[in-house]
Amino acid sequence: MGILVNRRTTTAAIVAGTLLACGGARAQSADGGPLKFLENIFGGSASKSQAAPPGEPGSLPQTQPAPTPGNAPLPWSGEDGASGHPLMTASAIREAAANFNDCVASMWPDAARRNISQASFQRFTAGLTPDLRIMDLMDSQPEFTKSIWDYLDILVNDNRLAKGRETLAKYKPQFDAAEKTYGVDRHAIAAIWGIESNYSSQIGDRSVLQSTATLACIGRRQKYFRDEFLSALEILHHGDLRPEQMRGSWAGAFGPTQFMPTAFKRYAVDANGDGRRDVVDDTADLIASTANNLKKDGWQTGQAWGYEVVVPKNFNYMLADRAKAMTIAQWEHLGIHRAGNQSFPSSAEKAYLLAPAGAEGPSFLMLQNFRVIMKYNPAEAYALAIGHFADRLRGGAPFVQPWPRQERELSRAERLELQQLLAQRGFNPGVPDGQFGGQTREALRGFQASIGAPADGFASADVLARLRAR
């Protein structure tokens, strides 16, 4: 809602973004990706997912870096960022940091246009200093990533499910009210809460003001974070939250379901009528605001997020594309059926096919509500975890088909090599960067089709070996 930056930057989002982008939180990331909890779990940084800016959003829920002795925060490395962006060089970072106070002061006219008083501006910006450690987190390039099944194992586990069921029972009146008002499935809201912050136990402890001010004045995402910083000031000026409540991820996502400041402005509601929109400590506001977010993003009441399906052998995986939605009836005509010998509730629903682990793993037909979850955090791994967690909370079973756990994730060096080899063989993967986006997956599918392999776009060690051999 939380490493793509969208509206969020949580661990879960971070992980998911890293997972599927390299094969595919709210974080809508400034770059258009996820950020969050999974970021550190998988060795990168990345959730609204509302945030998922830099950690980057697309990200999966997010863990905090290990503390240095005495619990002092880790210092900035003093090194150039891995992105190679001119604003991420060590010299550019130092120069911007030296100008930090002037940069913050220069935002007063914009704050005034947002009806923030000068007294509030001076009060909330007094004593702000840059947190340069964020520069390392923004530009981290993990050497290794986790597979989607490892991601799901981490986020959808027995302990988290038990906490989720306890939370649903404990706050039943609040879930009842939100479900009645917004028509959003309570299990989806509970799943987001659980994956974004493990039910408020992993929210993050960085000052949202300090983080967003740092990113508004230093580094490669200043325009995006300028809006987040000014929005944070608006929240404080209006009295919805106090500074000590606005603590969260390094990208500025805060609260149990990880709202970025701009997402808070769009979606937060005062559910109990006390005059404040408190998504941190007021459970009614938290649940209702998350439901409002999903509803405004297009949630379809009574519809599932998707279905696990069985794909026939020799299937044309070029159809496994978000842009190629068809009705359930059309997919059935192509030989696809629901896993576990279940029937589809409706043959008229439109869905697209997702095969996150290629032809050897489970496949899914994704409906409108899956796309809505991806607006919360634009990573398919994140959205799949939310949908599956919600199903399990309502009593559903684990996925029927096994994941190809014998496969290993490619290292960053191997991903770069794979992209370079694809280019050499005449398949255009875009600029080799170790990130497997849509263009790389299309190139990979082209190569797979040329050798008679399932064109599923899954970057396995076997595909790399076959590229090396040609």
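Predicted model: local features only at pLDDT ≥ 70, side-chain atom pairs only at ≥ 80, totals over all residues.
Q: How many helices and strands does the chain have?
A: There are 21 helices and ten strands. Both are DSSP runs numbered from the N terminus: helices are H or I with at least four residues, strands are E with at least two.

Q: And what share of residues is buried?
A: Of the 470 residues in the chain, 57% are buried. Buried means under 20% relative accessible area, exposed over 50%, and partly exposed in between, with a 1.4 Å probe and protein chains only.

Q: Switching to cysteines. How many disulfides?
A: The count is one disulfide, taking a disulfide as a pair of cysteine sulfur atoms within 2.5 Å. C103 and C217 form it, with their sulfur atoms 2.0 Å apart.

Q: Left-handed or right-handed, and are the two cysteines buried or exposed?
A: The link of C103 and C217 is left-handed, with -90 degrees about the S-S bond. Both C103 and C217 are buried.

Q: How many salt bridges are there?
A: The structure holds 23. A salt bridge here is a side-chain nitrogen of Lys or Arg within 4 Å of a carboxyl oxygen of Asp or Glu.

Q: What does D110 pair with?
A: D110 forms a salt bridge with R226, and the closest N and O atoms are 3.0 Å apart. D110 is in helix 5 (residues 108–113) and R226 in helix 13 (residues 222–238), so this pair ties together parts 116 residues apart in sequence. D110 is partly exposed at 21% relative accessibility, and R226 is partly exposed at 26%.

Q: What about R405?
A: The R405 side chain meets that of D153 in a salt bridge at 2.9 Å, N to O. R405 sits in the loop between helix 18 and helix 19 (412–424), and D153 in helix 8 (residues 148–155), 252 residues apart.

Q: Which residues form a network?
A: Salt bridges link R114, D227, E234 and K265 in a network.

Q: Now the second largest pocket. How much space is in it?
A: About 550 Å³. A pocket is an open set of points on a 1 Å grid over the protein atoms alone, where a 1.4 Å probe fits, with protein on both sides within 12 Å along at least five of seven lines; lining residues have an atom within 4 Å of a point. Points are joined across faces, edges and corners, and the volume is the space filled by probe spheres set on them.

Q: Which residues are closest to its centre?
A: W305, G306, R338, D391 and R394, out of 29 lining residues. Helix 18 gives the largest share of the lining, five residues.

How values were computed
Residues numbered from 1 in each chain as written. Heavy atoms only, no water.
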